[in-house]
Amino acid sequence: MAQKRVLLLCGDYMEDYEAMVPFQALQAFGVSVDAVCPGKKAGDICRTAVQQSSGHQTNSESRGHNFAINATFDEIEFTKYDGLMLPGGRAPEYLALNEAVLDLVSKFSNSGKPIASICHGQLILAAAGLVKGRMCTAYPFVRPVLIAAGAHWVEPETLSTCVVDGNIITAPMYKGHPEYIRHFVKALGGTITGSDKRVLFLCGDFMEDYEVAVPFQSLQALGCHVDAVCPKKKAGDTCPTAVHDFEGDQTYSEKPGHDFTLTANFEGLDTSSYDALVIPGGRAPEYLALDKSVIAIVKEFMETKKPVASICHGQQILSAADVLKVLHGWNLIRSIVASLMEI
């Protein structure tokens, strides 16, 4: 599609995935994305929150990545943007009290430009008076606020459900990113093709959180069938992930990330049915590089000349498989997209 420019409205303790996945996915698809936060300027950071179900009465929350803002809120020129995205998490609770935020969101709504809001981001839409008479969904805890604001509440069948009403796109949480991003790309005038491709992810405990979720959900948004497997685990099992950040120490810090759900069994895997392979980084590659079955999978993909995308410490697996001498480097999402499909 023609070059588009999107605004991502951020705040401290927005949900980690709900900021970074659309931010990087849209850029990988050729969309320019400016991330801004009231009271902050380009180069500042927002702290993010890792939120997920933990068996308690509400979600658990831990510190996520430090998300770098790339534009200055006070310098925003609304007319330069084609769409707006509102991440969830705890940030919307106080951003909904900011008059400058509400004025900005209202301008997007009044102009008919697409607004994509997820999870608790709909609190901002409600505060701006934009949901009255509109069908929308959200994380279930937000339902009373939306109903009180006059919305036609749509009970999500699953936490991946998305609702589109005119220029407003809503979703309950990050599990719905693939459909949520697809709807937003369509609203921007884009067309996605290539849904017949199958991609395999080689996962392990304490792989880096972003390095698995961003490409995984980005490829799903393109319509690919994406499977995540891990040695000695099966579909439905989870891998804990690690949040790695450089925070002023001599090496990166590590914090707990999301629990990433696997989608296929490792045992009996038919690797010949996949068109490409992705290897996330983090600490998992240190021990996956010692697994003979993992090495065999990598060699198979290389020998059949299928695209292999590896990031960060993932190259330890490539080294163990003795394939680096024939690699010339891969740009994680762009290369695999270029090899598989057209946008």
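Start by selecting Val105, which sits in helix 3 (residues 99–111). Keep in mind that you're looking at a predicted model. Is Val105 buried or exposed? Its relative accessibility is 0%, and because buried means under 20%, Val105 counts as buried.

Now show what surrounds Val105. Leaving out residues up to four places away in sequence, Val105 touches Leu9, Leu84, Leu86, Ile115, Ile124, Leu125 and Leu130.

Next stop, the empty space. Rolling a probe the size of a water molecule over the atoms shows where empty space is left. How many cavities of 30 Å³ or more are there? The count is one. The largest cavity has a volume of about 60 Å³. To find the largest cavity, select its lining: Glu15, Glu18, Gln51, Gln52, Asn59, Cys119, His120, Tyr139, Met173 and Tyr174. Colour that lining by class and you get four nonpolar, four polar and two charged residues.

Last, switch to cartoon and pick out the open sheet of four strands, ordered 14-12-17-18 with parallel pairing. Its edges are strand 14 (225–229) and strand 18 (308–310), each pairing on one side only. From one strand to the next, the twist averages 20°. Zoom in on strand 12 (residues 198–202), which runs parallel to strand 14 and is joined to strand 14 by five bridges.

Conventions
Residues are numbered from 1 along each chain as its sequence is written. This is a predicted model: local features need pLDDT of at least 70, side-chain atom pairs count only at pLDDT 80 or more; totals for chains, interfaces and linings use all residues. Side-chain values use heavy atoms; hydrogens and water are left out. Helices (H or I, at least four residues) and strands (E, at least two) are DSSP runs, numbered from the N terminus. Buried means under 20% relative accessible area, exposed over 50%, partly exposed in between (1.4 Å probe, protein chains only). Contact means heavy atoms within 4.5 Å. On a 1 Å grid over the protein atoms alone, a cavity is a set of points where a 1.4 Å probe fits but cannot get out, and a pocket is an open set with protein on both sides within 12 Å along at least five of seven lines; lining residues have an atom within 4 Å of a point. Grid points are joined across faces, edges and corners, and a volume is the space filled by probe spheres set on the points. Ala, Val, Leu, Ile, Met, Phe, Trp, Tyr, Cys and Pro count as nonpolar, Asp, Glu, Lys and Arg as charged, and the others, Gly among them, as polar. Two strands pair if DSSP finds at least two bridges between them. Axes are lines fitted to C-alpha atoms, for helices over the stretch in contact, and angles run from 0 to 180 degrees between N-to-C directions.
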